[in-house]
Amino acid sequence: MFKKAIGVWIIILSMILSVIHVHAVDTQSSSEEAAGEICDENESEDVKSECKVPILVYHNIMDNYCTSQSSVQISPKEFETHMLSLDQAGYHTITFQQYNDYVTRGQELPDNPIILTFDDGYSSNYEYAYPVLKKYNMKATIFVLTGRMGAVDEVTYPHFTWEEAREMQQSGVIDIQSHSDLHPDMTKVEIGRAQLELRRSRYLIRKELQKPCEVFAYPYGLYNSDLQELAEKAGYKIQVIVGDQGVNTRKEGLKQLKRLTAFGGTSGEELLAMIEENMQ
Ligand SMILES: [Zn+2]
């Protein structure tokens, strides 16, 4: 009789313990889910869903550039200073894939996220930017012109080759995406040509690099709603412009991500101040 009573009590006790355990696991997993949506766990709920992501745009990197060209040129030394300043300020570079997962599925982003981009696919990106990014453990996206890969001529600065693109892509440091095939003003060309620019560049990147091409940066940052629709139909999930003002938030979607030009001749402090100003 006594043994039977103890047995009943043991059963009751283990039932109570298992209920407490299930509740504890539940509470833990729901707090983990909440943490999956935020940039900074210390901020309030409202701010958490409004993560602000700046995107910087660089072009060519070279010494002794003409100061009138500082919106598209920066020296190797200035570029490294920029990266060092971003790193020391606690910025974490993220990929467009991460930003896509954040916007569409609420996936977690690191604190102080930032996206680095380069337009046109110049050889100097391979020569100077790629090693510096590797050194600081940073990531960037290069928007290439698929019709100019490996091009060396007197019209413009040399462009890196498919082989170099492949090396950068495989390193995990650089993601190659599309800036069209031949860099026309997309708002001024016939619809057939615009379609070709979107589709041909995407096809070549997928074929040459054996990876998805889902981000399109408009040449000169020029676009309209018809082009946005065409780009979407061509398979681009993300479209990028140059606004030189503001940063990106989840509620604005993925069809016109704004970028801030990182000017040559600006110090690390000036770059950080410019980004901060645009966060307001
Ligand atoms: Zn361009």
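User: Which residue of strand 5 does V57 stand opposite?

Analyst: This is a predicted model, in which local features need pLDDT of at least 70 and side-chain atom pairs count only at pLDDT 80 or more, whereas totals for chains, interfaces and linings use all residues. Residues are numbered from 1 along each chain as its sequence is written. Strand 1 (residues 55-58) pairs with strand 5 in the parallel sense over four bridges, where strands are DSSP E runs of at least two residues, helices are H or I runs of at least four, both numbered from the N terminus, and pairing requires at least two DSSP bridges. Within strand 5, the residue opposite V57 is T117.

User: Which residue of strand 6 is the bridge partner of T117?

Analyst: Strand 5 also pairs with strand 6 (residues 140-144), again parallel and over four bridges. In strand 6, T117 has as its bridge partner T141.

User: How many residues of strand 5 are buried?

Analyst: Strand 5 covers residues 113-120 and is largely enclosed by the rest of the structure. Buried means 20 or more other C-beta atoms, placed from the backbone, within 10 Å of the residue's own.

User: Are helix 3 and helix 9 roughly parallel or oblique to each other?

Analyst: The axes (lines fitted to C-alpha atoms over the stretch in contact, with angles from 0 to 180 degrees between N-to-C directions) of helix 3 (residues 76-88) and helix 9 (residues 268-279) come within 8 Å and cross at roughly 55 degrees. Angles under 35 degrees count as roughly parallel, over 145 as roughly antiparallel, 65 to 115 as roughly perpendicular and the rest as oblique. Helix 3 and helix 9 are therefore oblique.

Technical notes: A residue is buried if 20 or more other C-beta atoms lie within 10 Å of its own, exposed if 12 or fewer, and partly exposed in between; C-beta atoms are placed from the backbone.
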